[in-house]
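Biologist: Could you show me how to read the packing inside a protein model, step by step?

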Amino acid sequence: MIVPTPEVESTPPDPDSAPGAAVPEEPEEAVVPPTTAEIADELFQRLPDAAARDELVLLFRPLARYLARRFAGRGEPVEDLEQVASIALIKAVDRFDRGRQVKFSTYATVTIVGELKRHFRDKGWALNVPRRVKEISLHVERAVSELNQMLGHSPTVKEIAEYTGSTEEEVVEGIEAMHAYSTTPLDAPTDEDKSSPLNRLSIQDDSLEVLESWVSVKSVLKTLPDRDRRILHLRFFKGMTQTQIAAELGISQMHVSRLLSGTLRKVRDRLGPMESPSADLDE
Amino acid sequence: MPGDIEVSLPAQPEFLHILRSVVASAAASMDFTIDAIDDLRLVVDEACGQVLELSPDSTVLKLAISLRDGALELTVSGDGSSSKTPEEIKDSMAWTILSALSDSVDIEDGGLPAVRLTKSNRQIS
């Protein structure tokens, strides 16, 4: 969309008058300064002279910039648009066929507008419209509920526009888009069976969690000194008591207890910020 | 489109978006391509600008849309008096754009200052 611009009330720069020349409005008697079209014609005759080409581009640059600004407010920086328009203008200069009965300004306008539109499409409309639309409708949606609370009544488009920093036109578009693009969220219950698509598509796989902890614990275990690992093994894999382990290793039960809790602490620390290993690792 | 559409509103820039939206909606309902609709949005702006250029004392802008042989015909008119000649208007960059983006465009001489243009619904590359 195009944001309302004050340009409407002023005349855009005139391409058919020589740059810098204040145009006398009665061309009858006075010495008529050559029109842009005439200057352009002369320059085209000099092509492929590089200087003439440069001059042509400069001559019609106001047209390119004017058109670029007409596409502002659609989410692309004006500088980018002016660049696209300028490149399009150069293309137009290079491709213009003087044999055809078309004025260059017409040909250039169509070429530049075409390139600007293509820019949006490539950049672009296939992606950009949904994304932009989504953004606007998301903003609008959020603004509507927040404003409802703040104002105590349903907000106007203007209020939404002020609140979101968008133009009113964008808001209207966003509202339309909300209607057109509303989709069913995956976790919303459907009418038929009260279960959401997400519910129907997914199950909780508990073994995944166990596997995850196992994988991480295993890597930590590898880093432990042999005796610590052996104690853990005897305690948790063979199911031996601390006294049995003490007898097996020829150390006191108290020592086993200290070693075991020290090892467990080490394992927890190395597992990092994860939740502590499940309770059965503890005594 | 079953009938003609007419909208009139204050001749101030902040109302222009309404005209753009009306034209865009009308064109969309007639299956104009997005490109053509884009062109029409630009064209409405320029046409309004030209009417105000032609007749700065206009306080009301009127937009009429009708369908003629698969083409959209837009007429933007003011309610003031013409202070410029059509030739002066046709010398401007805005006019270049208007004529490049529409199939035909002219300044209407009878009575009110008006710009009338047509754009057909054909695929433009």
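**Contacts and cores**

Modeller: Leaving aside neighbours within four places in sequence, A:Leu116 is in contact with A:Leu67, A:Ala68, A:Phe71, A:Leu81, A:Val84 and A:Ala85, where contact means that the C-beta atoms, placed from the backbone, lie within 7 Å. This is a predicted model, in which local features need pLDDT of at least 70, side-chain atom pairs count only at pLDDT 80 or more, and totals for chains, interfaces and linings use all residues. Residues are numbered from 1 along each chain as its sequence is written, while chains are lettered from A and ligands numbered from 1 in the order in which they are written.

Biologist: Which residues have the most contacts inside the largest nonpolar core?

Modeller: A nonpolar core is a set of buried Ala, Val, Leu, Ile, Met, Phe, Trp, Tyr and Cys residues joined through C-beta atoms within 7 Å, and a residue is buried if 20 or more other C-beta atoms lie within 10 Å of its own. The largest such core has 61 residues, and those with the most contacts inside it are A:Ala85, A:Ile112, A:Leu116 and B:Ala47. Helix α2 of chain B, residues 34-54, gives the most to this core, with 11 residues; helices are DSSP runs of H or I, at least four residues long, numbered from the N terminus.

Biologist: Which residues are buried in helix α6 of chain A?

Modeller: In α6(A), residues 157-164, the buried ones are A:Ile160, A:Ala161 and A:Thr164. They lie on the same side of α6(A) because they cover an arc of only 100 degrees around the axis, taken from the directions from the helix axis to the C-beta atoms. After α6(A) comes A:Gly165, whose phi is positive, near 75 degrees.

Definitions and conventions. Buried ≥ 20, exposed ≤ 12 C-beta atoms within 10 Å, placed from the backbone. Helix = DSSP H or I, 4+ residues; strand = E, 2+ residues; numbered from the N terminus. Contact = placed C-beta atoms within 7 Å.
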